[in-house]
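User: I would like to learn how to read a protein model. Can you take me through one, feature by feature?

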Amino acid sequence: ASDDQTQKLQRAIDRAARARQPLWLAGGLYRAGDLKLSAGSQLAGMRGATRIALTRGLALLSAEGADDISLSGIMLDGGGQTQPPDRHAIADFRWDS
């Protein structure tokens, strides 16, 4: 896909997390940014064939205070974007200490 798919992916992630079901992403390139993972988010793809590339924002995936997050079989691609040294281009996960 050549278009940004952030909104579509975010809706699918939210629905799957609410249902406590994995979201299966078929092989292919997904372009997105600033995807928020909530508790119970499970993303799965076809190993070596499913890739999510950063198109916008400071992180491809982020979560704050969320537990039970699972990523499997998905390549995360920074999209060649340069980020400030204090930011992570791929993932920004924060938990309460």
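**Strands, a helix and a core**

Analyst: Start with a pair of strands: 3 bridges join β4 (residues 42-45) to β7, and the two run parallel. Strands are DSSP runs of E, at least two residues long, and helices are runs of H or I, at least four, numbered from the N terminus. Two strands pair if DSSP finds at least two bridges between them. In this pair, glutamine 42 stands opposite serine 70 in β7.

User: What kind of model is this, and how are residues numbered?

Analyst: This is a predicted model, where local features need pLDDT of at least 70, side-chain atom pairs count only at pLDDT 80 or more, and totals for chains, interfaces and linings use all residues. Residues are numbered from 1 along each chain as its sequence is written, and side-chain values use heavy atoms, leaving out hydrogens and water.

User: How do I read pLDDT?

Analyst: pLDDT is the predictor's confidence in each residue, from 0 to 100. Where it is low, the predicted coordinates should not be read in detail. Here the chain has a mean of 88, and 86% of its residues reach 70 or more. Confidence is highest in β1, at 98, and lowest in β9, at a mean of 78.

User: Which strand order does the sheet with β4 have?

Analyst: The order is β1-β4-β7, an open sheet of 3 strands with parallel pairing. β1 (23-25) and β7 (70-72) stand at the edges with a single partner strand each, so one side of each has no neighbour in the sheet.

User: Which strands form the sheet with β6?

Analyst: That open sheet of 3 strands runs β3-β6-β9, with parallel pairing. 2 bridges join β3 to β6 (residues 61-64). Lysine 36 stands opposite serine 62 in β6.

User: Is glutamine 10 buried or exposed?

Analyst: Buried means under 20% relative accessible area, exposed over 50%, partly exposed in between (1.4 Å probe, protein chains only). Glutamine 10 lies in helix α1 (residues 6-18). Glutamine 10 is buried, at 15%. Contact means heavy atoms within 4.5 Å. Leaving aside neighbours within four places in sequence, glutamine 10 is in contact with Asp34, Leu35 and Lys36.

User: What is a nonpolar core?

Analyst: It is a set of buried Ala, Val, Leu, Ile, Met, Phe, Trp, Tyr and Cys residues joined through side-chain atoms within 4.5 Å. The largest one here has 18 residues, of which Leu23, Leu25, Leu35, Leu43 and Ile52 touch the most other members. Its largest share, 4 residues, comes from α1.
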